[in-house]
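Here is a walk through one protein chain, from its overall order to single residues. Keep the sequence and the coordinates in view as you read.

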Amino acid sequence: WSRCLSSSTTNTPPPPDGVTNGGFLKYSMMYHDSVAFLLSNQLGLPSHFVDGAKTPTQIAKGLNLSVRGASALLVTLCRMDVVQVLQDSDESVDDIVYELTP
């Protein structure tokens with residue numbers, strides 16, 4: 001499979017030295033961040049933080065998501081400074097406590 005996609009079979013020259021997919025990655029992450037932010041608002045995520053900080057398990061239960069889905073959404077929102085880590089955990093990402101960023 002990888003041989004089929006190599007530059008020798010597609011007639012595509014390799015990128016020049018120093019050229020990476022950084023620009024593509026940057027725009028891909030901006031798109032992903034936008035979708036995550038819109039999804040969190042559509043699901044009503046901010047209202048789940050009214051009574052205090054939450055773990056991914058609590059958010060998953062409240063929004064009917066998988067724990068992995070809630071965790072991925074919270075990590076993305078944390079990177080965007082929408083939520084912040086109140087209490088970190090070395091044991092499990094499910095035990096990290098998040099709160100809305102003031």
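Along the sequence, the protein chain runs α-α-α-α-β-β. That pattern comprises four helices and two strands. Both kinds of element are DSSP runs numbered from the N terminus: helices are H or I with at least four residues, strands are E with at least two. The model is predicted, so local features need pLDDT of at least 70 and side-chain atom pairs count only at pLDDT 80 or more, while totals for chains, interfaces and linings use all residues. Residues are numbered from 1 along each chain as its sequence is written, and side-chain values use heavy atoms, with hydrogens and water left out.

Start with the totals. Of the 102 residues in the protein chain, 23% are buried. Buried means under 20% relative accessible area, exposed means over 50%, and partly exposed lies in between (1.4 Å probe, protein chains only). Now take contacts, meaning heavy atoms within 4.5 Å. Among those between residues at least 6 apart in sequence, 44% join residues at least 24 apart.

Next comes the interior. In soluble globular proteins, nonpolar side chains tend to be buried together. A nonpolar core is a set of buried Ala, Val, Leu, Ile, Met, Phe, Trp, Tyr and Cys residues joined through side-chain atoms within 4.5 Å. Here the largest such core has 13 residues. Leu-45, Phe-49, Ile-59, Leu-74, Leu-77, Val-83 and Tyr-98 have the most contacts inside it. The greatest share comes from α4, with four residues.

Neighbours within four places in sequence are left aside. Val-83 then contacts Phe-49, Leu-74, Leu-77, Cys-78, Tyr-98, Glu-99, Leu-100 and Thr-101.

Turn to α3. Which of its residues are buried? They are Pro-56, Ile-59, Ala-60 and Leu-63. These residues lie on the same side of α3 because they cover an arc of only 100° around the axis. The arc is that of the directions from the helix axis to the C-beta atoms. An α-helix has 3.6 residues a turn, so residues three or four places apart point the same way. The buried residues of α3 pack against α2 (22–43), α4 and β2 (97–100).

How do α3 and α4 meet? Two packed helices are described by the angle between their axes and the distance between the axes. For α3 and α4 the angle is about 110°, and the axes are 8 Å apart. That makes α3 roughly perpendicular to α4. Axes are lines fitted to C-alpha atoms, for helices over the stretch in contact, and angles run from 0 to 180 degrees between N-to-C directions. Angles under 35 degrees count as roughly parallel, over 145 as roughly antiparallel, 65 to 115 as roughly perpendicular and the rest as oblique. On the α3 side, Pro-56, Thr-57, Ile-59 and Ala-60 make the contact. On the α4 side, Val-67, Ala-70, Ser-71 and Leu-74 do.

Follow Ser-71, which sits in helix α4. Ser-71 counts as buried because its relative accessibility is 7%. Apart from residues up to four places away in sequence, Ser-71 touches Pro-56 and Val-93. Ser-71 and Asp-94 are 23 residues apart in sequence, yet 7.1 Å apart in space, C-alpha to C-alpha.

With 41% relative accessibility, Leu-39 counts as partly exposed. Leu-39 and Leu-73 are 34 residues apart in sequence and 8.8 Å apart in space, C-alpha to C-alpha.

Asn-64 follows α3 and is found in the loop between α3 and α4. Asn-64 is not a glycine, but its phi is positive, about 60°. At 72% relative accessibility, Asn-64 counts as exposed. Asp-81 lies in the loop between α4 and β1 (83–87). Asp-81 is not a glycine either, and has a positive phi of about 65°. At 56% relative accessibility, Asp-81 counts as exposed.
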